[in-house]
Amino acid sequence: MADLEIRDLTVEVDGSDILRGVNLDLDKGKTLALMGPNGSGKSTLAYAIAGHPAYDITGGTIRWQGTDLVELAPDDRARLGVFLAMQYPVEVPGVSLTNFLRTALNATNEQDVPIREFMSRLRAEMAELSIEESFLQRSVNEGFSGGEKKRFEILQMAMLKPQLAVLDETDSGLDVDALKVVSEGVNRLTGPDLGTLIITHYTRILRYIRPDEVHVMFEGRIVASGGAELADELEERGYDHLKTNA
Ligand code: ADP
Ligand code: MG
Ligand code: MG
């Protein structure tokens, strides 16, 4: 059994069927890319894994290390090591980056991390991601550029050390330099204790993060699966020729 096992998953949003029977396996230590055209349901799958209440699971299962996540609240999923970096990160006015991360870390760990240890880890991770010290006191995502939001997502991941990371369009809106910093950040966190699902519309990020498998979603189903070479093929041929498989 894979660490993450998604079977026949159907999800409804606002009364429409968006996911129409998704099957996906992901083991810790592996990186999977989920690709597909806009509107195919990639973010819907990410939200379903994380437990967003607007995404109504009407059938199938999402098992993480044998536990059915569908029955669990989002914070319980986070305690099991599940992390979602959202396509459109939300602003949290009045909550500093420092407090946000400390609260998130203490909520997902049994024991609170001592403040000094927390701050020294945080500063080290920020330096790795080229995030300036002045961000410590800034409100979460407020006035952050696209690139800063994405680097902050990877900072959260670095601090929380999830076992399953779902990165939804972490590459969107990034220039090449930011893309490299973010990709290096992800690569640094990759290892035997982390399974990563990279969701992307473009193949660009996959030049820096080589996936073990590539899956393509179209109209709420996975219509093609392969190795990293599938991403190269999509770069050349686009998505259109895959639509006949749907
Ligand atoms: P992708 O991430 O692949 O671009 P999404 O999962 O965002 O696709 O969207 C899949 C489909 O579901 C689209 O047709 C979109 O309009 C619809 N959808 C997604 N989220 C919502 C929502 N919160 N309310 C209404 N429709 C939604
Ligand atoms: Mg989209
Ligand atoms: Mg999306």
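In this predicted model, the largest nonpolar core holds 64 residues. Ala33, Ala46, Ala48, Ile49 and Val166 touch the most other members of that core. Helix H1, spanning residues 42–50, gives the most to the core, with six residues. Ala46 touches Leu84, Val166, Asp168 and Ile199, residues up to four places away in sequence not being counted. In soluble globular proteins, nonpolar side chains tend to be buried together.

An open sheet is formed by four strands. Their order is E2-E1-E4-E5, and the pairing is antiparallel. Strands E2 and E5 (67–68) lie at the edges, each pairing on one side only. Helix H1 packs on the sheet and touches E1, E2 and E4. The direction of H1 makes about 70° with that of E2.

Within the sheet, strand E1 (residues 4–13) and strand E2 (residues 16–26) run antiparallel and are joined by eight bridges. Val13 has Ser16 in E2 as its bridge partner. The hairpin of E1 and E2 has two residues between the strands. Asp14 in this hairpin takes a positive phi near 50°. Strand E4 (residues 56–64) is likewise antiparallel to E5, with two bridges joining them. Here Arg63 stands opposite Asp68 in E5.

Helix packing was examined for H5 (residues 146–160) and H6 (residues 176–189). The axes of the two helices come within 10 Å and cross at roughly 10°. Angles under 35 degrees count as roughly parallel, so H5 is roughly parallel to H6. On the H5 side, the contact involves Gly147, Lys150, Arg151, Ile154, Met157 and Ala158. These meet Ala178, Val181, Val182, Gly185, Val186 and Leu189 in H6. By class, the contact has eight nonpolar, two polar and two charged residues.

Leu160 also belongs to helix H5. This residue counts as partly exposed, because it has 17 C-beta neighbours inside 10 Å, whereas burial requires 20 or more. Thr108 and Leu160 are 52 residues apart along the chain, yet their C-alpha atoms are separated by 7.7 Å.

Conventions: Residues numbered from 1 in each chain as written. Chains lettered and ligands numbered in written order. Predicted model: local features only at pLDDT ≥ 70, side-chain atom pairs only at ≥ 80, totals over all residues. Axes fitted to C-alpha atoms, helices over the stretch in contact; angles between N-to-C directions. Parallel < 35°, antiparallel > 145°, perpendicular 65-115°, else oblique. Contact = placed C-beta atoms within 7 Å. Nonpolar A, V, L, I, M, F, W, Y, C, P; charged D, E, K, R; others polar. Pairing = 2+ DSSP bridges. Core = buried A, V, L, I, M, F, W, Y, C linked by C-beta atoms within 7 Å. Buried ≥ 20, exposed ≤ 12 C-beta atoms within 10 Å, placed from the backbone.
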